Amino acid sequence: MSLQPVASPELSVIDSLMWQRPDSALAMLLPCFDTCRADVSRSVSTTHDRHYAHLLLAELLYKNDSAQTNRAELRQAVAYYDSLLRVADTRGVSLHRPVRRDASNASDADTQTIAFLDARAHYINGVGYYESDSIVEACREYLKALEIMEEHFGEKELVGEKARFMALTYTHLTGLFSDQYLHEQTIYFGNKALDYYHRFNATPWHIAWMYNEIGSNYHILCDFNKADSLYDLAINVLPDTNNLIYRDIVVLKAFLQYKKVKQAKMSLQQLKRLLLLSESENEYLARCAIIGEIYFRERQFDSALVYLNQVFQESQNEELKKQTAEFLVDILKKQGQDLEIFEYAEFLVPFANLSENESYLKSQLTELCNGYKQKRTENLHQKKLMKTNKNTNLTIGLLLGVVALMAVSYGLIRKRHRKLEVRQNETVKLLESERYAHEIQQKALAGRLRKSNDLLRLQSEMAIKIQESMEKEKLCAPHGDYEALIQETPCHEIIESLEGTNIKRISVPNDYAELSLSPQQLLSLAKVTEKHFCGFESYLRNLYPKISALDIDICRLFLLGLNEKQASILLHRDYSTIMEHVRKMKKALRIEKNLRDFIRNGG
């Protein structure tokens, strides 16, 4: 078959940007996406660009927290890259230059380029399957992506973007097996993910989350010492304690301590203090569930009923409600309140029918995991064997070379020995001449070093002066016309959509799903904001270099005069999430007043 020689430069730039700024990469991709999908001539380059664009679109939608909208086209891209890799493995054909008649001399790097694209296609296809609850298909795609990478790259080559990709894939497998309560497999894939996290210096929150995930699975397996040590590692990694991950770990440690020593009082006191620190309804109910379980284990049924019934009545988490309902049924049976059991028992009926399907699903996932581990072991053994054979051949070749070199050297020595006496005087003169030249060279080098040191000192002084001058300058907030901004069509439509809508404080984004802004609407809002407040985004990034795309979207909505609750609905985020981002921005910007006033008043 014919392979694509060169990818579109525009798409290559977007791909490179995606690993650091997925929000900006998506904004660049959307305007040119219609061109990629257009029914133009079916040349090789057009075919590749079309598949490449759909791969990037699927990846960027996921990285920007949006569902895949191009499933059919993505599956075509998977088949396309599979076919490229099959040919590249046999002929070594490159994506970066025209196909040659004699492709057998192509380098391994060419095949690796195709392999990385193919692995990414399988990985993001697995994400799409998982979003549609096709768990087995998702697992199969994740494992396929790993097999492709491990077959075509050595351990030393899996760095940078490739290490990040491996970490993401292993993390998805960790979450997938954890959701199915397959603890040994979760621990296996979690440790693999941690290895790659350290290779590309992942954020402390990602590392802490993975330590906590592995620890909680050891916790369930009743290996309390390993669980406790992993919880401590997770806490030590975190840079601060004012975050949900930290509170989750402390809650698990308190529950673990209760299980180890069976002293409820101290654990309950700590859990109730953490209950008061909850920043969302979901967090509050999760804490109530653990407190209720401890009371249940202590046979303090009246107290357990208070916490567990609240979780059952208010939680939207089906798994949490199921676990709570099981405790409630058991309590009411022990208290002889058979008439009150019906509500909880009725809720549990559908779950009983799922047990057989879940067992089959778990067996399929376990089989896939075991197959992957066995194949990986065989590949590692084969590579080790090839390396051993290669080293053996290299050693033999070196020995033969040394013998030949010794024979040649011996002949030369004998020949030179006969001439040594004749040339001895000439050699002495030559050495004296070289010594004299070396002394002159050293003196000249010393002079150049002195000049170089003087130049470096001067440059350092100039750099300090420039830095002091820059520190004296103050960033100026961009000014613009608020009324003109609000009259722009995208802004007017956003404000008009909220008119007459009474957003309750306890509401969740899904209650107002129709108000959620699409990626295209957010892009339009960004364009008109820059139009009337030129440099607005650059101003924010200068003030707060670690600001996220979500933070900037919140600030743009504040610029329109909207509040935090309206922003949470428009951006389809929990209110607590928006408030946490606002709090972090205020802390980073060192402001005490309302963030909206800060944004609208220009600092």
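**Aromatic and charged contacts in a predicted model**

Me: Which residues do ring pairs link into a cluster?
Reply: In this predicted model, Tyr170, Phe177, Tyr188, Phe189, Tyr196 and Tyr372 are joined into a cluster by ring pairs.

Me: How many aromatic pairs does the count come to?
Reply: The count comes to 17 aromatic pairs. One of them is formed by Trp19 and Phe116, whose rings are stacked at 6.1 Å centre to centre, with 20° between the planes.

Me: Where in the chain do Trp19 and Phe116 lie?
Reply: Trp19 is in the loop between α1 (9–18) and α2 (22–37), whereas Phe116 belongs to helix α5 (residues 108–131). The two residues are 97 residues apart, and the pair links distant parts of the chain.

Me: Is Trp19 buried or exposed? And why does Phe116 count as it does?
Reply: Trp19 is buried, because its relative accessible area is 9%, and buried means under 20%. Phe116 has a relative accessibility of 8%, so Phe116 counts as buried too.

Me: What about Phe296 and Phe301: how are the planes arranged?
Reply: That aromatic pair is tilted, with 45° between the planes and 6.1 Å centre to centre. Both Phe296 and Phe301 are buried.

Me: Switching to charges over rings. Which ring does the charged end of Lys262 sit over?
Reply: The charged end of Lys262 sits over the ring of Tyr258, at 5.7 Å from its centre. In another such arrangement, Lys321 lies over the face of Phe312, 5.0 Å from the ring centre.

Me: Now salt bridges. How many does the structure hold?
Reply: The structure holds 26 salt bridges. Among them is the bridge between Glu147 and Lys375, in which the closest N and O atoms are 3.6 Å apart.

Me: Which helices hold Glu147 and Lys375?
Reply: Glu147 is in helix α6 (residues 135–152) and Lys375 is in helix α16 (residues 342–472). The pair links distant parts of the chain, the two residues being 228 residues apart. Lys375 is partly exposed, with a relative accessible area of 37%.

Me: Which residue forms a salt bridge with Lys260?
Reply: The partner of Lys260 is Asp228, and the closest N and O atoms are 3.9 Å apart.

Me: What is the N to O distance for Glu293 and Arg297?
Reply: Their side chains meet in a salt bridge at 3.0 Å, N to O. Both residues lie in helix α13 (residues 281–297), 4 residues apart, which is about one turn of the helix. Glu293 is buried, with a relative accessible area of 8%, whereas Arg297 is partly exposed, at 39%.

Me: Which residues are linked in a network of salt bridges?
Reply: The network of salt bridges links Arg21, Asp23, Glu537, Arg541, Asp553 and Arg556.

Me: Last topic, the whole chain. How many helices and strands are there?
Reply: The chain has 24 helices and 0 strands. Of its 603 residues, 42% are buried. The chain exposes about 34,700 Å², and carbon and sulfur atoms supply 53% of that area.

Me: What share of the contacts comes from residues 24 or more positions apart?
Reply: Such residues account for 65% of the contacts in the chain with a separation of 6 or more.

Terms used. Residues are numbered from 1 along each chain as its sequence is written. This is a predicted model: local features need pLDDT of at least 70, side-chain atom pairs count only at pLDDT 80 or more; totals for chains, interfaces and linings use all residues. Side-chain values use heavy atoms; hydrogens and water are left out. Rings of Phe, Tyr and Trp (its six-membered ring) pair if their centres lie within 6.5 Å; planes under 30 degrees apart count as stacked, over 60 as edge-to-face and the rest as tilted. Buried means under 20% relative accessible area, exposed over 50%, partly exposed in between (1.4 Å probe, protein chains only). A charge sits over a ring if NZ of Lys or CZ of Arg is within 6 Å of the ring centre and within 35 degrees of the ring normal. Contact means heavy atoms within 4.5 Å. Accessible areas come from the Shrake-Rupley method with a 1.4 Å probe; for residues, only the protein chains shown count as cover. A salt bridge is a side-chain nitrogen of Lys or Arg within 4 Å of a carboxyl oxygen of Asp or Glu.
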